[in-house]
Amino acid sequence: SLPENFPSLLFSTSGTSGSPKQCLHTLAGLEKAFNRLKTFLNVQRPIDTLNCLPIHHVGGWMQVMRAWVSGGSVLFADYKDLAHPGNTDLCAGRYLSLVPTQLYELLKSKHGATNLLRCEGIFIGGAHLSSELSQKARDAKLPIYICYGMTETAGMVTILSREDFTKGVKGVGQPMRGVSMRLDGDHRICLKCPGLGFNAKNSSSTNQDWFVTSDVGKEDNGYWEVIHRMDRVINTGGEKVIPDLVEKKILEFPLVKSCLVTSINDNKWGQRVVAYITPDSVDKKKLLEFLESSLSSYEIPKELFTAENLEITEGAGWKR
């Protein structure tokens, strides 16, 4: 009985920088976001999903919406369940959303790769997918779709088709139906789409406005690439370090599963670059030698912290 434009759902997001933000959405707006995907997939039948993400984040909730609105079904599971040999039917015919760290773990397992192959489609987002992990997914012939989106957009606004992914096309694909995208003077991605959410601190804003993201990107012949987040730039000793680019370089080092580059306060440098890396077995000495050959001295983390596992989040891939 609520009016269509009544914001009745609140989602939190905790990215790699700053305090958690909250965003309000309408149920009708979330349905519009689902319709973007339905149009892209060109399916008229009910959509069945498998959800391994928390539903208090929009990435998990949208998998419920996809099944609910289309008349399909949704299963809930821990992503680690997908590596079990007894769960061969868990993925069958279902759409699944994963962050790269989850995909990394599952592709280490023969049963994980076999089970994922039975998915109707696998949406990958939330963090950068390394070239090495991309190739492993191609070798396994997985039905991968690379996506870009955020809490404010109720999930994906661009998508790279599985055919383009198989061909080795990089980036996050093309805007979905009804999504408009442009770059501002600082090369930040600006977008407009049906179902754009309300900022919880300013619920009077309209969904017709352009949403200016913190993502710096580029566009080439209709295909988009996200380069880095503007609000994550680190100023150390007067030099600006872009954590996203350092993270991409670290992910090229063999055996690195995931990483987060950030800063801590430093009396001398103002901010000191540090990196959190998984798994714990990564050889930190060899990693630093690798980075010295490809990064400027001020970009190289002053400290490397390793851990075997880190909590996965929707926005950052994981958090310490």
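I began with the rings: Phe40, Tyr95, Phe123 and Tyr145 form one aromatic cluster. Rings of Phe, Tyr and Trp (its six-membered ring) pair if their centres lie within 6.5 Å; planes under 30 degrees apart count as stacked, over 60 as edge-to-face and the rest as tilted.

A note on what I am reading. This is a predicted model, so I note that local features need pLDDT of at least 70 and side-chain atom pairs count only at pLDDT 80 or more, while totals for chains, interfaces and linings use all residues. Residues are numbered from 1 along each chain as its sequence is written, and side-chain values use heavy atoms, with hydrogens and water left out.

**Entry: aromatic pairs**

I looked up the pairs and found six in the structure. Trp61 and Trp68 have ring centres 6.5 Å apart and planes at 85 degrees, so I logged them as edge-to-face. Trp61 is buried, at 18% relative accessible area. (Buried means under 20% relative accessible area, exposed over 50%, partly exposed in between, with a 1.4 Å probe and protein chains only.)

Next came Tyr276 and Phe305. Their ring centres are 5.2 Å apart and their planes at 20 degrees, so this pair is stacked. The pair links distant parts of the chain: Tyr276 is in strand 18 (residues 270-278) and Phe305 in strand 19 (residues 303-306), 29 residues apart. (Helices, H or I with at least four residues, and strands, E with at least two, are DSSP runs numbered from the N terminus.) Tyr276 is buried at 14%, and Phe305 is partly exposed at 33%.

**Entry: charges over rings**

I checked for arginines over rings. (A charge sits over a ring if NZ of Lys or CZ of Arg is within 6 Å of the ring centre and within 35 degrees of the ring normal.) Arg138 lies over the face of Phe165, 4.6 Å from the ring centre. Arg182 has its charged end over the ring of Trp210, 4.3 Å from the centre.

I found Ser161 in the loop between strand 8 (155-160) and helix 6 (162-167). Ser161 counts as buried, at 15% relative accessibility. Its side chain reaches the backbone nitrogen of Asp164 at 3.1 Å. Beyond neighbours within four places in sequence, Ser161 is in contact (heavy atoms within 4.5 Å) with Phe40, Ile144 and Tyr145.

Glu247 is in helix 7 (residues 243-251). Its relative accessible area is 12%, so I wrote it down as buried. A polar atom of the Glu247 side chain lies 2.9 Å from the backbone nitrogen of Val261. Not counting residues up to four places away, Glu247 touches Arg232, Cys259, Leu260 and Val261.

**Entry: cores**

Which residues have the most contacts inside the largest nonpolar core? I read off Leu98, Leu103, Leu116, Phe123, Ile144 and Leu191, in a core of 58 residues. (A nonpolar core is a set of buried Ala, Val, Leu, Ile, Met, Phe, Trp, Tyr and Cys residues joined through side-chain atoms within 4.5 Å.) Strand 7 (residues 144-150) gives the most to this core, with six residues. Apart from it lies another core of 18 residues, among them Ile234, Val241, Cys259 and Leu304.

I noted a cis peptide bond between Thr278 and Pro279, with omega about 0 degrees. Pro279 lies in the loop between strand 18 and helix 8 (284-292). Asn221 has a positive phi of about 55 degrees although it is not a glycine. Asn221 is exposed, at 68% relative accessible area.

Conventions: A polar contact is a pair of N or O atoms within 3.5 Å; within protein, one must be able to donate a hydrogen and the other to accept it, and residues adjacent in sequence count only if both atoms are side-chain atoms.
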